[in-house]
Amino acid sequence: MDPEGGQDGDKKRKLGDTNIAEDEANSVMDSVDALEVAAEALGVSIPKDLQRTKILKDVETQTESTGPRSKYSDYQVGILSSAYDLCSRPTDKQRRDLGAAINLNVKQIKTWFQNRRQRQRGVYQEAENDHLKRENNNLAEDIHWSRVRSKMFEVENE
């Protein structure tokens, strides 16, 4: 570790007033449109209403494997997310092509899409539950005030 807090052997280059690691400066040049990469791998066209995002292309797209779980790079997740926006249920061929594009196997692609659909269902269910809770609270309040009015009418009519 050097005194500036960087790794030994980091090649730094002066860019304006800022020291930037050379690989960071090069990675800025390697940004890609995630939606284009995903659309090409899936073999579909991009709808005009989808938002495009630029992501940095990994120089090395291998995943780190720590046992049975894999950690995907930001690049891989960006491409997978864009692919999900285009098609939430890719075919076997689309999964193979997508895996080849981002260096993941078909099982990893399939599992990622299953997990993403499950998370999406959870978000929808939570939103629905919140809506039902609000509606239930409104009904309970209406019942309460109906009872209060009913009691008032009973008192008036006595």
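Read along the sequence, the protein follows the pattern β-β-α-β-α-β-β-β-α-α-α, where helices (H or I, at least four residues) and strands (E, at least two) are DSSP runs numbered from the N terminus. This is a predicted model, in which local features need pLDDT of at least 70 and side-chain atom pairs count only at pLDDT 80 or more, while totals for chains, interfaces and linings use all residues. Residues are numbered from 1 along each chain as its sequence is written, and side-chain values use heavy atoms, with hydrogens and water left out.

Visitor: How many of the residues of α2 are buried?

Guide: Buried means under 20% relative accessible area, with a 1.4 Å probe and protein chains only. In α2 the buried residues are A34, L35, V37, A38, A39, A41 and L42. The helix is therefore mostly covered, by the definition of buried as under 20%, and the count is 7 of its 9 residues.

Visitor: At what angle do the axes of α2 and α3 cross?

Guide: Axes are lines fitted to C-alpha atoms, for helices over the stretch in contact, and angles run from 0 to 180 degrees between N-to-C directions. The axes of α2 (residues 34-42) and α3 (residues 74-86) come within 8 Å. Their crossing angle is roughly 65°.

Visitor: Which residues of α3 meet α2?

Guide: Contact means heavy atoms within 4.5 Å. From α2, the residues taking part are A34, L35, V37, A38, A39 and L42. Their partners in α3 are Y75, G78, I79, S82, A83 and L86.

Visitor: Is α3 roughly parallel or antiparallel to α4?

Guide: The helices α3 and α4 (residues 92-102) pack with their axes 10 Å apart, at an angle of about 155°. Angles under 35 degrees count as roughly parallel, over 145 as roughly antiparallel, 65 to 115 as roughly perpendicular and the rest as oblique. The angle therefore makes α3, relative to α4, roughly antiparallel.

Visitor: Which residues of α4 meet α3?

Guide: On the α3 side, the contact involves Y75, Q76, I79, L80 and A83. On the α4 side, the residues are L98, A101 and I102.

Visitor: How far apart are the end C-alpha atoms of α3?

Guide: The expected span of a helix is 1.5 Å times one less than its number of residues. For the 13 residues of α3, this rule gives 18 Å. The model agrees, because the end C-alpha atoms lie at a separation of 18 Å.

Methods
Buried means under 20% relative accessible area, exposed over 50%, partly exposed in between (1.4 Å probe, protein chains only).
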